[in-house]
Amino acid sequence: MTEVHSEIPVDADSGNIMDLFHRGRPVRARMLNVLSDFMRSAKARDSEFTTNKTDRPLIVQFAAKDAQTLAENVSVLNMGCGWAVSEGYGACLINKPELVKDMVGHVRNQIDNPNYAVSIKIRIHKDIRKTVDLCQKEEAAGVSWITVHGRTADERHQPVHYDAIKTIKDSLSIPAIANGDIKSMQDVEAICELTGVDGVMAARGLLTNPAMFAGYEETPLQCVWDWVDIAVEHGTPFTCSHHHLIYMLERISSQPERRVFNNLSSTSAVIDFLHSTYGST
Ligand SMILES: Cc1cc2nc3c(=O)[nH]c(=O)nc-3n(C[C@H](O)[C@H](O)[C@H](O)COP(=O)(O)O)c2cc1C
């Protein structure tokens, strides 16, 4: 299975998104679900996406499985997740290079601005030649950069195939971004060195330690309190803000602390717990 998603740079004030990769600045990517649901339902939009003016630079990612829906609504493409395979989204699309090319082409034709980025995020095939072929087709169709999660669609916790990412990078003229098991700045440096990629994307590493790209090895307490302040200020739903805090405390709290913290059910209980366990900053 393969996925196709779209990523929309929401705000141009940060300049070209590729410049940000090249300048080594972090770019926030919001993963969203199915584009058609998102367009149809205000409830889906409200529950799956909120942002504010300080949440920049920002890319928004959608999943789509046909060119028309994608081209009519968005501007940048991604295909790399495993969750939506049975619906024909996501990782199943790596086996449909012509469809992906069609989707990229439709989106490209829809947008006059040549600086507008269109990207895809993929997993790899067992036969790396197929992935290289896919990537070269999508480059020819006009994608701006390609993010590669270096696992096949079937792989979950197996080691990431950085050698495959290097092969893909070497076969392209456009920038390539490496993804998979990047948990520290040492990982960032090692993987850039190993693969020659132009940037990295991290998911779980940043959930656990949102300050990773700022050079912190563990989540600083300041980061935890900053997130509490942001969540309160912007009215983030408790389940969402709590979930992020559970990730953030994963490596810096003891098991008994996590047992209590993970069962808290209100913002005030969270704040009391953080004060009594860790102090203010
Ligand atoms: C909570 C969570 C949600 C994710 N949602 C998406 C998604 O919507 N689209 C996508 O392409 N990948 C998604 N992924 C996969 C990540 O982008 C990434 O490819 C994968 O987790 C491997 O990278 P990592 O080792 O840095 O986590 C998600 C991962 C996590 C942990």
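At what angle do helix H5 and helix H6 pack, and how far apart are their axes? The model in which this is asked is predicted, so local features need pLDDT of at least 70 and side-chain atom pairs count only at pLDDT 80 or more, while totals for chains, interfaces and linings use all residues. Residues are numbered from 1 along each chain as its sequence is written.

Helix H5 (residues 97–110) and helix H6 (residues 128–141) pack at an angle of about 20 degrees, and their axes are 9 Å apart. Axes here are lines fitted to C-alpha atoms, for helices over the stretch in contact, and angles run from 0 to 180 degrees between N-to-C directions. H5 and H6 are therefore roughly parallel to each other; angles under 35 degrees count as roughly parallel, over 145 as roughly antiparallel, 65 to 115 as roughly perpendicular and the rest as oblique. Pro97, Val100, Lys101, Val104 and Gly105 in H5 meet Asp133, Leu134, Lys137, Glu138 and Ala141 in H6, where two residues are in contact if their C-beta atoms, placed from the backbone, lie within 7 Å. The residues of the contact of H5 with H6 comprise five nonpolar, one polar and four charged. In this division Ala, Val, Leu, Ile, Met, Phe, Trp, Tyr, Cys and Pro count as nonpolar, Asp, Glu, Lys and Arg as charged, and the others, Gly among them, as polar.

The chain as a whole has 13 helices and eight strands. Helices (H or I, at least four residues) and strands (E, at least two) are DSSP runs, numbered from the N terminus. Of the 281 residues in the chain, 34% are buried; a residue is buried if 20 or more other C-beta atoms lie within 10 Å of its own, exposed if 12 or fewer, and partly exposed in between, with C-beta atoms placed from the backbone. Among contacts between residues at least 6 apart in sequence, 71% join residues at least 24 apart.

The strands come next. Four of them form an open sheet in the order E5-E6-E7-E8, with parallel pairing. E5 and strand E8 (199–201) are the edge strands, each pairing on one side only. From one strand to the next, the twist averages 25 degrees. Two strands pair if DSSP finds at least two bridges between them. Strand E5 (residues 119–123) and E6 pair in the parallel sense over five bridges, and Ile122 has Val148 in E6 as its bridge partner. E6 is joined to E7 by four bridges, again in parallel, and here Thr147 has Ile177 in E7 as its partner. Three bridges join strand E7 (residues 176–179) to E8, and these strands also run parallel; Asn179 stands opposite Met201 in E8.

In a regular strand the side chains alternate between the two faces of the sheet. Five of the five residues of strand E6 (residues 145–149) are buried, so E6 is largely enclosed by the rest of the structure. Both faces of E7 are covered as well, with Ala176 and Ala178 buried on one side and Ile177 and Asn179 buried on the other.

Thr152 is found in the loop between E6 and H7, and Thr152 counts as partly exposed because it has 18 C-beta neighbours inside 10 Å. Not counting residues up to four places away in sequence, Thr152 touches Arg123, Ile124, His125 and Lys126. Thr152 and Lys126 are 26 residues apart in sequence and 6.4 Å apart in space, C-alpha to C-alpha. Asp181 lies in the loop between E7 and helix H8 (185–195). Its phi is near 60 degrees, a positive value in a residue other than glycine.

Two further helix pairs complete the account. Helix H7 (residues 162–170) and H8 pack at an angle of about 55 degrees, with their axes 8 Å apart, which makes H7 oblique to H8. Helix H10 (residues 221–234) and helix H11 (residues 238–249) pack at about 175 degrees, with their axes 11 Å apart, which makes H10 roughly antiparallel to H11. The residues of the contact of H10 with H11 divide into six nonpolar, two polar and no charged.
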